[in-house]
Amino acid sequence: MADLWQNAMDYAVAIARKAGEVVRDALRDDMKVMTKSSSVDLVTQTDQKVEQLIIQSVKEKFPTHRFIGEESVAAGEACDLTDSPTWIIDPIDGTTNFVHAFPFVAVSIGFSVNKQSEFGVVYSCLEDKMFTARRGKGAFCNGEPLKVSDQEDIKQSIIATEFGSSREPEAVDKIFSSLRNILCIPVHGVRGAGSAAINMCLVASGCVEAYYEIGIHIWDVAAGSLIVSEAGGVLMDVEGGVVDLMSRRIVAANRRAIAERIVKEIDSFSPPRDDTPPSKQ
Ligand SMILES: O=P(O)(O)OC(CO)CO
Ligand SMILES: [Mg+2]
Ligand SMILES: [Mg+2]
């Protein structure tokens, strides 16, 4: 049977590649850096330009499809996931890296229908790595199949996480408390690429056993989540339930036992949900 969404996925890959070129070119220019939710939540004109480029190109080809885009939501659009085909876009995941030319910067495009993820595309544009996953058909990097690590022992593992963009002392204390607990399991190491999407692709590639974070948004992880699960990994909420991409909390791991062990060590909290409008937070 023909794959209903393969066409859209091929289109997403082509647009992500084009967007990656724009990102790479912009690295050579002077950047105007602006801020959003805090003084360390950065955005540039390139984030906005790339998001518009992606949305405009998709609209031309798929006029009835809907969008959740990081910079459109920042500009006041609703973050609504309905049953309609929806493109979930992070034009630059790793804007802080981009601003500093730290070489992990991704274009992330997720795609959901009936609230189920159909494909995910993460283009790590400075590494020129195209990560893709189609539901039920596996995950790939530059066309090569991906598989999560087969490590069973968390003490022989590397765990990825980030410090986030909140500098509220209570949030920072919780992040450090979780980090301390995880480090002292002990694990081999803790790493962070500075991009949620790339951290998830590192789980899918088997380079790190797990990634967890509180404070990310649906556009950071929509594509990466499918890439992890199609590479054989598991997703979980930081308190152990079913992951909810609007909740801004995620654990992605190579296996359930490692995800569950991480959950035990996380000092959890609940940031305002992505689907709660700012007026109701
Ligand atoms: O650079 P961005 O898109 O703000 O994303 C951050 C997390 O919110 C890195 O993953
Ligand atoms: Mg992001
Ligand atoms: Mg972004």
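Student: How many helices and strands does the chain have?

Tutor: The chain has eight helices and 14 strands. Keep in mind that this is a predicted model.

Student: What does the radius of gyration say about the chain?

Tutor: The idea is to set the value beside the one for a compact globule. With 281 residues, such a globule would have a radius of gyration near 19 Å, and the chain has 18 Å, which agrees. The C-alpha trace spans about 50 × 45 × 40 Å along its principal axes.

Student: What share of the residues is buried?

Tutor: A residue counts as buried if 20 or more other C-beta atoms lie within 10 Å of its own. By that rule, buried residues make up 44% of the 281 residues in the chain. Contacts can be read by their separation in sequence too. Among contacts with a separation of 6 or more, 67% join residues 24 or more positions apart.

Student: Where does UniProt place the feature "binding site"?

Tutor: An unreviewed UniProt entry places "binding site" at Asp 90, Asp 93 and Asp 220. These residues span 131 residues in sequence, yet no two of their C-alpha atoms are more than 6.6 Å apart, so they gather at one spot. The unreviewed entry also lists Glu 70 and Ile 92 for "binding site".

Student: Is Asp 90 buried or exposed?

Tutor: Count the neighbours and compare with the cut-off. Asp 90 has 33 other C-beta atoms within 10 Å, so this residue is buried. Asp 90 lies in strand E4, which runs over residues 86–93. Not counting residues up to four places away in sequence, Asp 90 touches Glu 70, Ser 108, Ala 197, Trp 219 and Asp 220.

Student: Which element holds Asp 220, and what does Asp 220 contact?

Tutor: Asp 220 is in helix H7, residues 218–230. Its contacts, leaving aside neighbours within four places in sequence, are Asp 90, Asp 93, Ser 108, Ala 196 and Ala 197. Asp 220 has 29 C-beta neighbours inside 10 Å and therefore counts as buried.

Student: Where are Glu 70 and Ile 92 found?

Tutor: Glu 70 is found in helix H3, residues 70–74, and Ile 92 in strand E4. For burial, apply the neighbour count again. Glu 70 has 25 C-beta neighbours inside 10 Å, so Glu 70 counts as buried. Ile 92 has 31 within that distance and counts as buried. Beyond four places in sequence, the contacts of Glu 70 include Asp 90, His 217 and Trp 219. For Ile 92, with the near neighbours in sequence left aside, the contacts include Val 23, Thr 46 and Phe 98.

Student: Which residues surround ligand 1?

Tutor: To read a shell, list its residues, then sort them. The shell consists of Glu 70, Asp 90, Ile 92, Asp 93, Gly 94, Thr 95, Ser 195, Ala 196, Ile 216, His 217 and Asp 220. They divide into three nonpolar, four polar and four charged residues. Strand E4 gives the most to this shell, with three residues.

Student: Why is ligand 1 said to lie between domain 1 and domain 2?

Tutor: Look at which domains supply the shell. Domain 1 (6–145) and domain 2 (154–265) both give residues to the shell around ligand 1, so the ligand lies between them.

Technical notes: Residues are numbered from 1 along each chain as its sequence is written. Chains are lettered from A and ligands numbered from 1 in the order in which they are written. This is a predicted model: local features need pLDDT of at least 70, side-chain atom pairs count only at pLDDT 80 or more; totals for chains, interfaces and linings use all residues. UniProt positions are given in the numbering used here, feature names are shortened, and annotations may be inferred rather than shown by experiment. Helices (H or I, at least four residues) and strands (E, at least two) are DSSP runs, numbered from the N terminus. A residue is buried if 20 or more other C-beta atoms lie within 10 Å of its own, exposed if 12 or fewer, and partly exposed in between; C-beta atoms are placed from the backbone. Two residues are in contact if their C-beta atoms, placed from the backbone, lie within 7 Å. A residue is near a molecule or strand if its C-beta atom, placed from the backbone, lies within 6 Å of it. Ala, Val, Leu, Ile, Met, Phe, Trp, Tyr, Cys and Pro count as nonpolar, Asp, Glu, Lys and Arg as charged, and the others, Gly among them, as polar. Domain bounds come from an automatic or database domain assignment. The radius of gyration is taken over C-alpha atoms; the globule rule is 2.2 Å times the number of residues to the power 0.38.
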